[in-house]
Amino acid sequence: MAAPPVEDASLDPWSTMMKAAMAGDEGVYRRLLTELGRSVRAMARAAFARARLGDADIEDAVQETLLAIHLKRHTWDPGQKLGPWVNAIARHKIIDAMRRRGARRMEPIEDFEAFLAAPEDEDRHALADAKRLMDALNPRQRDIVQSISLDGQSIAATAARLDMTEVAVRVALHRALKSLGAAWRRSVS
Amino acid sequence: MKTSELIAALAADPIPEPVRIGRRIVAALALGLAGAFALYALAVGPRPDLSAALGTVRFNLKFLDALALALPSLMLLARLARPEARPGALALWLFAPLALLAAGVAVELIVVPAGEWLPRLVGHNMRYCTTMIPMMAAPILMALIWAMRAGAPQHPGWTGALAGAASAGLASFLYASHCPDDSPLFVATWYPLAWLVCAAAGAWAGRRFLAW
């Protein structure tokens with residue numbers, strides 16, 4: 001019952017990258033998320049500007065979108081292009097972020113694909129720090145996420161330092177990422 | 001936390017077990033229907049004159065109505081698990097059960113004398129009908145909501161309502177074999193009321209459990 005495959009889905013570079021990522025290529029996945037993040041950032045910035053919301057929560061919207069892309073990546077149909085799927089997720093998350101900022105009326109949000117050519121780099125200033133993120137985690141989870149993300153340690157090194165097995169670290173990391181998603185959801189309603 | 005740091009954490013997260021929403025929905029249907037059928041077997045049961053009723057148009061129309069609600073709802077539900085999905089023409093099929101009911105009512109009004117209309121509409125057990133359909137739908141709805149939690153529906157409330165409609169259709173299919181009232185006047189009045197209860201429960205559950 002899925003829609004007929006787009007003719008050039010196999011030529012879509014992002015679809016190719018996502019397939020490689022889902023097959024376990026961490027490097028490609030990291031590059032893909034970075035590239036998607038830049039275009040999502042431009043999309044969020046345009047939406048926030050149009051609603052005159054200032055840009056305090058833009059990076060939150062970007063991070064929530066990336067996390068949702070990660071946690072929901074199994075809902076992407078590999079026979080389709082990645083762009084429209086990312087667009088739907090980004091739109092959903094940007095609207096959430098705008099509601100949180102008190103937007104009542106939703107201006108139309110431009111399609112993600114309109115921002116492919118004009119990506120925006122991460123803001124180097126304080127805005128780039130999403131505030132709520134780490135508060136949602138318990139100390140153990142925070143330690144693991146921090147060790148892997150902030151300090152750049154590998155799973156193996158983190159496992160050795162915390163005296164855990166690698167599998168346990170991976171499971172804990174996955175749980176932590178899921179609870180981040182849940183915490184963001186709670187903050188919307 | 002900077003976005004580049006979040007990306008590092010996401011990339012380190014292991015590849016997930018493949019999730020197939022279609023399969024999850026099928027599993028949910030099996031579980032939910034088992035629950036509904038258990039309830040049917042314990043508390044409801046078929047009507048005594050079942051074999052005689054099977055030959056009548058009015059009786060069989062009830063099953064058709066139920067399927068006309070359940071099938072398009074289920075197909076649409078499976079489609080809307082993807083965030084970029086659009087309901088499309090499939091949504092129009094949701095009018096099929098209502099059109100069937102309306103056609104049945106029109107014919108009934110023609111073939112039955114006016115004095116019979118009200119007694120047939122009121123029937124014998126409207127209260128039982130409007131409580132037992134939602135009761136039997138409940139396990140199916142719960143299982144479908146569980147299955148849909150793996151998805152990313154753009155509108156959780158509407159998607160939940162759709163799950164409610166699907167469960168209502170399936171529960172009506174079971175209940176129809178118990179229900180002694182076959183007149184389209186009865187069915188068109190009370191069954192949709194039960195469906196609305198299920199859809200409302202589904203909408204609530206969707207907003208609560210399908211948000212992502």
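Q: Which residues touch the most other members of the largest nonpolar core?

A: A nonpolar core is a set of buried Ala, Val, Leu, Ile, Met, Phe, Trp, Tyr and Cys residues joined through C-beta atoms within 7 Å, where buried means that 20 or more other C-beta atoms lie within 10 Å of the residue's own, exposed means 12 or fewer, partly exposed lies in between, and C-beta atoms are placed from the backbone. In this predicted model, local features need pLDDT of at least 70 and side-chain atom pairs count only at pLDDT 80 or more, while totals for chains, interfaces and linings use all residues. Residues are numbered from 1 along each chain as its sequence is written, and chains are lettered from A and ligands numbered from 1 in the order in which they are written. The largest nonpolar core has 58 residues, and B:L77, B:L141, B:L144, B:A168 and B:A171 touch the most other members. Two or more residues each come from α2 (21-44), α4 (57-79), α7 (126-148), α8 (156-176) and α9 (184-209) of chain B, helices (H or I, at least four residues) and strands (E, at least two) being DSSP runs numbered from the N terminus. A second, separate core of 54 residues includes A:L180, B:I7, B:A9 and B:A11.

Q: What does B:A171 touch, not counting residues up to four places away in sequence?

A: Two residues are in contact if their C-beta atoms, placed from the backbone, lie within 7 Å. On that basis B:A171 touches B:A36, B:I133, B:M136, B:A137 and B:I140.

Q: How many helices and strands are there in chain B, and how many in chain A?

A: Chain B has 9 helices and 0 strands, and chain A has 7 helices and 0 strands. Buried residues make up 49% of the 212 residues in chain B and 37% of the 189 residues in chain A. Taken along the principal axes, the C-alpha atoms of chain B fill a box of roughly 75 × 35 × 25 Å. Among contacts between residues at least 6 apart in sequence, those that join residues at least 24 apart make up 89% in chain B and 72% in chain A.

Q: At what angle do α8(B) and α9(B) pack?

A: Two packed helices are described by the angle between their axes and the distance between the axes. Axes are lines fitted to C-alpha atoms, for helices over the stretch in contact, and angles run from 0 to 180 degrees between N-to-C directions. For α8(B) and α9(B) the angle is about 140°, with the axes 6 Å apart. Their crossing is right-handed; a crossing is left-handed if the near helix is turned anticlockwise from the far one by less than a right angle, and right-handed if clockwise. Among the residues that make this contact are B:G157, B:G160, B:G164 and B:A168 of α8(B) and B:W195, B:A199, B:G202 and B:G206 of α9(B). By class the contact has 14 nonpolar, 8 polar and 1 charged residues, with Ala, Val, Leu, Ile, Met, Phe, Trp, Tyr, Cys and Pro counted as nonpolar, Asp, Glu, Lys and Arg as charged, and the others, Gly among them, as polar.

Q: Is the crossing of α5(B) and α9(B) left-handed or right-handed?

A: The crossing of α5(B) and α9(B) is left-handed, and the axes of α5 (residues 96-111) of chain B and α9(B) come within 8 Å and cross at roughly 145°. The contact is made by B:L101, B:G104, B:V105 and B:E108 of α5(B) and B:P184, B:L185, B:V187 and B:A188 of α9(B).

Q: How many residues of chain B are in contact with chain A?

A: In this model 30 residues of chain B are in contact with 43 residues of chain A. On the side of chain B that touches chain A, α1 (3-12) and α4 give two or more residues each, and the largest share, 10 residues, comes from α1(B). The residues of that side divide into 20 nonpolar, 4 polar and 6 charged.

Q: Why does A:S149 count as buried?

A: A:S149 counts as buried because it has 22 C-beta neighbours inside 10 Å. A:S149 is in helix α5 (residues 139-149) of chain A and, leaving aside neighbours within four places in sequence, is in contact with B:M1, B:E5, B:L6, B:A8 and B:A9.
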